[in-house]
Amino acid sequence: MTSSTVTAPGTTSAKPRRVHLSDRARAERNLGFMLVAPALIVMIAVTAYPLISTIVLSLQRADLRFPDANKFIGLSNYGAVLSAPVWWQVVWHTVIITVVSVSIEFVLGMALALAMHRVIFARGTLRAIALVPYAIVAVVAAYSWNYAWSLTSGWIPHLLGLTSDPLSHPFGSYVAIIITEVWKNTPFMALLLLAGLALVPDELLEAAKVDGATAWQRFIRITVPLMKPAILVALLFRTLDAFRIFDTIYIFNQGANGTESISMLNYTTLLDRLNLGLGSAVSVLLFVFVGIIAFVFIKGFGAGSGPIGESS
Amino acid sequence: MTLNWYVFPEPSGSFATAAANCSKASNGAYQIKINFLSNSSDQQRISLVRRLAAGDSSIDILAMDVDWTAEFADAKWIRPWTGANAAAVSQGVLPGPLKTATWDGKLYAAPLNSNTELLWYRKDLVPNPPKTWNEMIDDAIKLAKEGKPHYIEEQGAKYEGLTVWFNSLVNSAGGQILSPTNKILVDHTSARAAAIMRRLADSPAADPGLNVAMEGTSETAWEHGDVAFQINYPFVWSAAKADSPSVFKQMGYAPFPSVIPGTAPRVSIGGYNLGVSTHSPHPQLAFQAVRCLVQPVNQRRAAIKGGLAPVLGSIYDEPSFAKAYPFHALIKAQLEHYGLRPQTPAYADVSLAIQDTLSPTSSIDPSTVVSTLRNEIKNALSSKALL
């Protein structure tokens, strides 16, 4: 876009250049700045300030218990985190939980979305029912599942005829935690995918049907490609969310049996050990991971383009 | 003047009565307002330290778990007790509880109540309670072979209870984890303690839920009736009495089992101490109020109504207390010949290091546990490494 003397605020994407603005344009631009200023100030206060403060803390030896020992120590906290075997263990645990639970949620969510899309009667009611797990408070859901898996009082070990406690070893703990996550978050996945399904024009599907395409071919060749932006947004949201998993693990076993996640480690370091420097370094690294995931999704798979999630 | 007292939620109302009576007796000098914290000791600590570190002046008196003293004192969150105040709240207090309130040679809190774990067993299954851990595991294995209820309930979940268990075993084996000057003393006694934990975990005596068992789950399992032995605090007595009369009828109690045959055990002391916040605007009134709150009449009420073990030795000999607490002599003996969890400002880190090394108990390697533990505790004490 070539900049002209008059530019309506909000429509230009070119870099501001030193051009002669008319009084009116200048006034409009100033008005624009003033209108966005409150939002900008709030964003700086609630997002930028804590972020910068965390980064600053992560460069210090800052422990609430030893206030006299506070000092700037550069990147030592990052060195301590990255050189600790426990850090790479929790990264690995987090990756396992994220990949497995998001994959299952995607498959089930797609099935649920297709069912909700095709259903003819009581559409609103069925959608509302499907959303119930997502509406339940995460901690409550985690407690219910934890009781369900308990050997003495739960229905799951009883149903499966288990004699040993499934939650007392890593495999059982992972299964229980992942099932809880899947149960809780599949509706969210389904809802996002349902929005994507609405974008697929029926004419295309009918035309393909006339041409002799099977249901599977129509799904893979037409529905999925047209839904791609919605799929990527759904996967991106859920991956970012799953990567920060905390409540379910906290309720189940506080990270015992090799299920400690990055957020769980972050919590222990910050709130239990009161080591703000080290904990902030973990927070920043978690933030970096989340940034990388978002970047890969958006640049690598183009999640940001298309009809949904239009960004650039 | 209002004094804010932050304390664990005491369900019997004894603390509320104590606070009201003390306020009245002060003739308007102060009014104690109780603020209940969460049930879990970890959560209580998190709520308190956030406020204390931020210099919150709305906390005057705080109930501290016995293993927080060094941390709170070194961070200068609580005031030391001196002179007449110190003398008043340490007079007649049993040696174990008093030690938990002391750090670096100074008294930092007034002992409020104590706690110690006993062995609870089924009289119908076990005619003579075992004297040592190995005897107990042998007895349980024998019961298992006979097809009778045989589980041993211990707290094997990855939380403070695991540290309590390990520390009791190490102390009972004649060892210590840390010296008072925070030198690491982990040695063969730790290996011996770890070997007992591993032996239990591998034997049929272990509840299948050992790796997730906490005090409450142990108690529930006990009431279920599949359990022959339980290591737990005295709250299980009144709980079983209320919830499971048939099990209660067969409920016996004995000292915590020894590690070395013929040598009395040293069991990790629990309970709470009362500290006065550095940021309290009325410290002198707060000291006075605490002196009132820990008076014998209040300890007696909390013991009889609420089941909290007193810290004053004289109460154990009173008939009314003996009736409510049939095992009073065992408790008193264990508080006199006690075990102490490591006293260090980095206690949260050290306990975490112990839990990391020993959880799950079924994977403990007694041959490497000493070196692993030394290494982990060294990292914990430096408070610079990730745990």
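This is a predicted model: local features need pLDDT of at least 70, side-chain atom pairs count only at pLDDT 80 or more; totals for chains, interfaces and linings use all residues.
Local features need pLDDT of at least 70, side-chain atom pairs count only at pLDDT 80 or more, and totals for chains, interfaces and linings use all residues. Residues are numbered from 1 along each chain as written, chains are lettered from A in the order written, and side-chain values use heavy atoms, without hydrogens and water.

**View 1. Chain B meets chain A.** Here 30 residues of chain B are in contact with 34 residues of chain A (heavy atoms within 4.5 Å). The two chains bury about 2500 Å² between them (accessible area, 1.4 Å probe, lost on being put together, summed over both). Carbon and sulfur atoms hold 56% of that area.

**View 2. A salt bridge links B:Arg45 and A:Asp272.** Their side chains meet at 3.0 Å, N to O. A salt bridge puts a side-chain nitrogen of Lys or Arg within 4 Å of a carboxyl oxygen of Asp or Glu. Between chain B and chain A, the count is four salt bridges.

**View 3. Helices of chain B touch chain A.** Helix H2 (41-53), helix H3 (69-74) and helix H16 (347-358) each give two or more residues. Helices are DSSP runs (H or I, at least four residues), numbered from the N terminus. H2(B) gives the largest share, six residues.

View 4. H13(A) supplies the largest share, five residues. Helix H1 (23-58) of chain A supplies at least two. A:Phe301 sits in the segment after H13.
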